[in-house]
Amino acid sequence: MRYRQARWDEPLLIELSGEGRCGLTLPADQELSREVGDVLEMVPKRLRRADIRLPQVAQPQITRHYIRLSQMNYSVDSGTYPLGSCTMKHNPKIVQRILSSTKLRRIHPEQPEEYTQGLMKILFELGTMLAEIVGLPKFSLQPAAGAQGEFTGVLMIKAWLKDKGQPDTRNEILIPDTAHGTNPASAAMAGFKVVEIPSTEEGLVDVEAVKAVAGRATAGMMMTVPNTLGLFEKDVKEVVKIIHEVGGLMYYDGANLNALIGRVRPGDIGFDIAHLNLHKTFGTPHGGGGPGAGPVFSTDELGEFLPSPTLEFDGYRYRWCYDRPKAVGRVRSYFGNISVLLGAYIYCLLMGREGLRDASALATLAANYLMNRLDRRYFDLRYFLNTRCKHEFVASAKASAFDVAKLLLDYAVHPPTIYFPITMPEAMMIEPTESESVEELDYYAEVLNRAAEAAFKDPRAAAEAPHNTATPRVDEVRASHPRTLKVRW
């Protein structure tokens, strides 16, 4: 088994400092010296510091220090990162090389449009490609994350209702109990009342419950397909019909599109508005609070409510269109998170139509392969006894899911999402993605079974895990309290 080397006492760089050590030698350029003179003399005296205390370290020390720090962390380049519903998959390195281009880095959003036609063409082509994938023709690339895309979508529902002269009593958004927490948060922030829709014993939206609550107060419904359990909502078309018949709109949460891309289009199902998570499905970096991009797509009718400005092409030039009186306004500064948008564009070109379609098949295959390798003595897979999962699945650990997750760290792999969705006890939500090899999936299955068995047979010992990480188990409540959180040395 693979173990990560522990390092409990990594010093700060200033603590490695020694008088006279230097990791850099500046060239003795006499001509430059004559032109510039003493650099210190160029700095006003009032801005000079005598107590700056910069570390004095040799080059090998500083190299080893940062390499050790990097080894204390975990990333998608370190190994499997199967966060359910977060789609942490391989990021093609060519994308980062292209995004580092000086031509891209030096573009400024305040530049006149005639100087950024190349970038605008890329963004327009990206929006067009994604619109084809989603099956909804109108788009805005402005939202900077999935949650912001959701918020934009429900704001559009609100604007549409107002434009139609609908009464203020049409103020309810229906949301399944397995939905991401940002769904009800976005609806509430937009001023809607959230109505929770329960799941059936199969883990799917209860159609009878939708019929019971849908009515004159219904503004719309938000759905994730496949749902958070990793199951395809087989009655989704019936749900769409119910909502449309009472005068509401359907919103598609694109967090799980990794299972459908190139195979099922939300617009064809009947969804009116959708967002995508480009930092999940389209191979751009994800995690650490950012970056992200959550572009929104809509039907032709709802396109006039998309955030302003929208990117348009008149057959000759690309332009930002601000003359949009019914738009919900800006949801982000400038035109979106350009680096993530460009990364998704490159990813789509690299993969091509068939490559994207293959990715959804491989993601689903990997999830089913891994799920079927779990030991049923230690995992409950109640929702998958008579059906396959899609790109992810939720297993209920028969021991503490928290302890199993901590034990996984000792085997140098990242644990999956735990305790979500809340509809399943001791939930472990696992998404291996299409990026992982069979050997990596076999290893992860072996580790999951070992960790679950250890937690089940000896819960007291498991409660002390992890043992081989740079930091042992922490008191997470105390660590996040402002009085105990130390952010300065």
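1. Cysteine 389 has a relative accessibility of 1% and therefore counts as buried; buried denotes under 20% relative accessible area, exposed over 50%, and partly exposed the range in between, with a 1.4 Å probe and protein chains only. The structure holds zero disulfides, a disulfide being a pair of cysteine sulfur atoms within 2.5 Å. Cysteine 389 is accordingly in no disulfide, and the nearest cysteine sulfur, that of cysteine 86, lies 17 Å away. Cysteine 22, by contrast, is exposed, with a relative accessible area of 55%.

2. The model is predicted: local features require pLDDT of at least 70, side-chain atom pairs count only at pLDDT 80 or more, and totals for chains, interfaces and linings use all residues. Residues are numbered from 1 along each chain as its sequence is written, and side-chain values use heavy atoms, with hydrogens and water left out.

3. The protein chain as a whole comprises 16 helices and 13 strands; helices (H or I, at least four residues) and strands (E, at least two) are DSSP runs numbered from the N terminus. Its C-alpha trace spans about 80 × 65 × 45 Å along the principal axes. Of the 489 residues in the protein chain, 48% are buried. Among contacts with a separation of 6 or more, 71% join residues 24 or more positions apart, where contact means heavy atoms within 4.5 Å. The chain exposes about 25200 Å², of which carbon and sulfur atoms supply 53%; accessible areas come from the Shrake-Rupley method with a 1.4 Å probe, and for residues only the protein chains shown count as cover.

4. Helix 14 (residues 438-457) has 20 residues and reaches 28 Å from its first C-alpha to its last, close to the 28 Å expected at 1.5 Å a residue. The expected span is 1.5 Å times one less than the number of residues. Its buried residues include Glu440, Tyr443, Tyr444 and Asn449, together with Leu441, Val447 and Leu448. The cover over the buried residues of helix 14 includes helix 12 (338-372), strand 10 (379-380), helix 13 (401-409), strand 13 (427-430) and helix 15 (459-462).

5. Helix 5 (residues 117-134) has 18 residues that should span 26 Å at 1.5 Å a residue; its end C-alpha atoms are 25 Å apart, which agrees. Among its buried residues are Leu119, Met120, Leu123, Phe124, Leu126 and Gly127. Just after helix 5, glycine 135 adopts a positive phi of about 85 degrees.

6. Glycine 149 is placed in helix 6 (residues 146-163) and, at 0% relative accessibility, counts as buried. Apart from neighbours within four places in sequence, glycine 149 contacts Pro143, Tyr251, His275, Gly294 and Val296. The C-alpha atoms of glycine 149 and aspartate 253 are separated by 8.8 Å, although the two are 104 residues apart along the chain.

7. Threonine 281 belongs to helix 11 (residues 278-281) and is buried, at 2% relative accessibility. Leaving aside neighbours within four places in sequence, its contacts are Lys89, Gly254, Leu257, Asn258, Ile261 and Tyr347.

8. Leucine 40 lies in the loop between helix 1 (30-36) and helix 2 (59-71) and is partly exposed, at 46% relative accessibility. Leu40, Met42, Val43 and Leu47 form a nonpolar surface patch with about 370 Å² of accessible area together. Patches consist of residues with over 30% relative accessible area and no salt bridge, like charges being joined within 9 Å and nonpolar side chains (Val, Leu, Ile, Met, Phe, Trp, Tyr) within 5 Å; a salt bridge is a side-chain nitrogen of Lys or Arg within 4 Å of a carboxyl oxygen of Asp or Glu.
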